[in-house]
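Let's take a friendly walk through a protein model, one feature at a time. Keep the picture open beside you as you read.

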Amino acid sequence: GHFLAYNITSQGVNTTPVVSSAGFSGPAEYFSRTMSLRPNGHKIAINANNKLELLNFDITTGKVSNGKIMDNVPAYGVCFSPNGRYLYTNAGNVHQYDLRACDPAATKVNIGGAFFGDIRLAPNGKIYFRSAQLAVPTTYTYLGSIEHPDIGGTGCQFRDSITATGMPVTDPSSSANFSLGFPNTVVRATTEKGPMDRAYRD
C-alpha cells in the first residue's frame, strides 16, 4: 500500500506528505472500502479487496508500517472501539474482534445484521451504521447503533434501528441504493485536549 500523512499545525497544512509503503501492494487493492485510525493513533485498520488489514502508525513521524492481514472478509466499513480494544467491521453483518487476543480472527463474533456499508465511531462514544431494518418499515433508511462498543460480545448492546434518517431506501430516479458511506470524521490521536495534528488519506 502507498500511504500519505500530512502534518497539520496551527500554521496550516504541510503539503509535503510523509510517504510510507506498507501492507499488501498494488494500486487496485485500496481503490474502495474504508480506513480507520485507532483513537490513540497507533494502529490503522483497512478493509480492502476482501481483506481486513491492521497496520502500525507512528503519530510522531507519520510513518505506516508492519501491515498484517487479520482476516479474509468481504466487508466495507471498519472502526475501532473508543478504548481501541475491539475492532468492528460491517459486511452485511457487524462483526467484533478482540485485538488483545493472540489471534484476533479467532475471537470474531457476529453481533447483528446491518446494511452493507460504512460503520463509524461517533464523538458520543457509540458506533453507528446503516440499519438492516429488520424491525422497522422499509420506506426510509434507519441508523443502527452499538451502544457500548468497549464491551465484548453481545454486551456491547447492538441496536438494529434507532432513528429514521428521512432518506428513502432507494433513489426513485435510478432505483439504486443511497451511498454506502458516512460523512468524514476526525479522530483525535491523543487523550490530551488540543488541536488535531495530522490528517490521513490512502
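## A stacked pair of rings

Let's start with Phe129, which is buried, because its relative accessibility is 0% and the cut-off for buried is under 20%. Keep in mind that this is a predicted model. What does the accessible area say about Phe158? Phe158 is partly exposed, with a relative accessible area of 22%.

These two residues form an aromatic pair of the stacked kind: the centres are 5.1 Å apart, and the planes make an angle of 15 degrees. Phe129 belongs to strand β12 (residues 127-131) and Phe158 to strand β14 (residues 158-168), so the pair links distant parts of the chain, 29 residues apart.

## An edge-to-face pair

How many aromatic pairs does the structure hold? There are two. Tyr76 and Phe116 form a pair that is edge-to-face, with 5.9 Å from centre to centre and 70 degrees between the planes. Tyr76 sits in the loop between β7 and β8 (77-80), while Phe116 is part of strand β11 (residues 109-121), so this pair ties together parts that are 40 residues apart in sequence.

Are these two residues buried or exposed, or something in between? Tyr76 is buried, at a relative accessible area of 15%. Phe116, at 28%, is partly exposed.

Now look at β8, which is covered on both faces. Gly77 and Cys79 are buried on one side, and Val78 and Phe80 are buried on the other.

Which strand does β8 join through four bridges? That partner is strand β9 (residues 86-90), and the two run antiparallel. Within this pairing, Phe80 stands opposite Leu87 in β9. Together β8 and β9 make a hairpin, with five residues between them. In the turn you will find Gly84, which has a positive phi of about 80 degrees.

In general, the strands of a sheet pair through backbone hydrogen bonds, either parallel or antiparallel. Here, an open sheet has four strands in the order β4-β5-β6-β7, and the pairing is antiparallel. The edges are held by β4 (35-37) and β7 (64-71); each has a single partner strand, so one side of each is left without a neighbour in the sheet. Neighbouring strands of this sheet are turned by 20 degrees against each other on average, direction ignored.

Inside that order, strand β5 (residues 43-48) is joined to strand β6 (residues 51-57) by six bridges, and these strands run antiparallel. To find a spot in this pairing, look for Ala45, which stands opposite Leu54 in β6.

Notes
Residues are numbered from 1 along each chain as its sequence is written. This is a predicted model: local features need pLDDT of at least 70, side-chain atom pairs count only at pLDDT 80 or more; totals for chains, interfaces and linings use all residues. Side-chain values use heavy atoms; hydrogens and water are left out. Two strands pair if DSSP finds at least two bridges between them. Axes are lines fitted to C-alpha atoms, for helices over the stretch in contact, and angles run from 0 to 180 degrees between N-to-C directions. Rings of Phe, Tyr and Trp (its six-membered ring) pair if their centres lie within 6.5 Å; planes under 30 degrees apart count as stacked, over 60 as edge-to-face and the rest as tilted. Buried means under 20% relative accessible area, exposed over 50%, partly exposed in between (1.4 Å probe, protein chains only).
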